[in-house]
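Visitor: Hi! I'm new to this one, could you walk me through it?

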Amino acid sequence: MALIKWRDSFSVGVEKFDKEHLKLVELINDMYIIVRDKGDVTALSACIERLIEYTRFHFSSEEAAMEEANYPGLEEHKKLHAGLEEQAVGFFLRVKSEGEAVRTEFYHFLREWLVNHMVEEDKKYSEYLKPS
Ligand SMILES: [Fe+2]
């Protein structure tokens, strides 16, 4: 397990969303540090709350831009966002009630999800959102 390093290949070609994705990477890394250092559940919960709150903001911001651009994959993309939110909230509840193993599982899940989502799904909107 390690910190996520930003790579050029993560870029979706839209500066605003690259910045927001970078912020998400930083928030997931903050979570990683607390998990690695076996921080208490209060600190971890506060960190996860910040992460979920920012994720909601970011998803709304992406969805508004996709809608504005008449991106044809909007509905499918919204479902992916909603699915992640649901899973993250489920993990969060488990973090509060279960032992440490779920913390690592949650971190791995978020890391995989974010990287795959940026590279596989978000890049699909690039050409629609780029100023022509
Ligand atoms: Fe997205």
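Guide: What follows is a short chat about the helices and the loops.

Visitor: What should I know before we start?
Guide: This is a predicted model, in which local features need pLDDT of at least 70, side-chain atom pairs count only at pLDDT 80 or more, and totals for chains, interfaces and linings use all residues. Residues are numbered from 1 along each chain as its sequence is written.

Visitor: Okay, at what angle do helix 1 and helix 2 cross?
Guide: Roughly 165°, and the axes of helix 1 (residues 15–36) and helix 2 (residues 41–68) come within 10 Å. Helices here are DSSP runs of H or I with at least four residues, numbered from the N terminus. Axes are lines fitted to C-alpha atoms over the stretch in contact, and angles run from 0 to 180 degrees between N-to-C directions.

Visitor: So are helix 1 and helix 2 roughly parallel or antiparallel?
Guide: Helix 1 and helix 2 are roughly antiparallel, a term for angles over 145 degrees.

Visitor: Which residues of helix 1 and helix 2 meet?
Guide: Among them are Phe17, Leu24, Leu27 and Ile34 in helix 1, and Leu44, Ile48, Leu51 and Tyr54 in helix 2. Contact means that the C-beta atoms of two residues, placed from the backbone, lie within 7 Å. By class, this contact of helix 1 with helix 2 has 12 nonpolar, three polar and five charged residues. Ala, Val, Leu, Ile, Met, Phe, Trp, Tyr, Cys and Pro count as nonpolar, Asp, Glu, Lys and Arg as charged, and the others, Gly among them, as polar.

Visitor: Which residues of helix 2 are buried?
Guide: Leu44, Ile48, Leu51, Thr55, Glu62 and Met66. A residue is buried if 20 or more other C-beta atoms lie within 10 Å of its own, exposed if 12 or fewer, and partly exposed in between. The buried residues of helix 2 pack against helix 1, helix 3 and helix 4.

Visitor: Switching topic, how do helix 3 and helix 4 pack?
Guide: Helix 3 (residues 74–97) and helix 4 (residues 101–121) pack at an angle of about 170°, with axes 10 Å apart. That makes helix 3 and helix 4 roughly antiparallel as well. Their contact has eight nonpolar, two polar and three charged residues by class.

Visitor: Where is His77, and is His77 buried or exposed?
Guide: His77 is in helix 3 and counts as buried, with 20 C-beta neighbours inside 10 Å. Leaving out residues up to four places away in sequence, His77 touches Met66 and Glu121.

Visitor: Now the loops. What is the phi of Lys38?
Guide: Lys38 has a positive phi of about 50°, although it is not a glycine. Most residues other than glycine have a negative phi. Lys38 sits in the loop between helix 1 and helix 2, and it is exposed, with 9 other C-beta atoms within 10 Å.

Visitor: And what is the phi of Asn70?
Guide: The phi of Asn70 is near 55°, a positive value in a residue other than glycine. Asn70 lies in the loop between helix 2 and helix 3 and counts as exposed, with 8 C-beta neighbours inside 10 Å.

Visitor: Where is Gly73?
Guide: Gly73 is in the loop between helix 2 and helix 3 and is partly exposed, with 13 C-beta neighbours inside 10 Å. Gly73 and Glu121 are 48 residues apart in sequence and 9.5 Å apart in space, C-alpha to C-alpha.

How values were computed
Helix = DSSP H or I, 4+ residues; strand = E, 2+ residues; numbered from the N terminus. Parallel < 35°, antiparallel > 145°, perpendicular 65-115°, else oblique.
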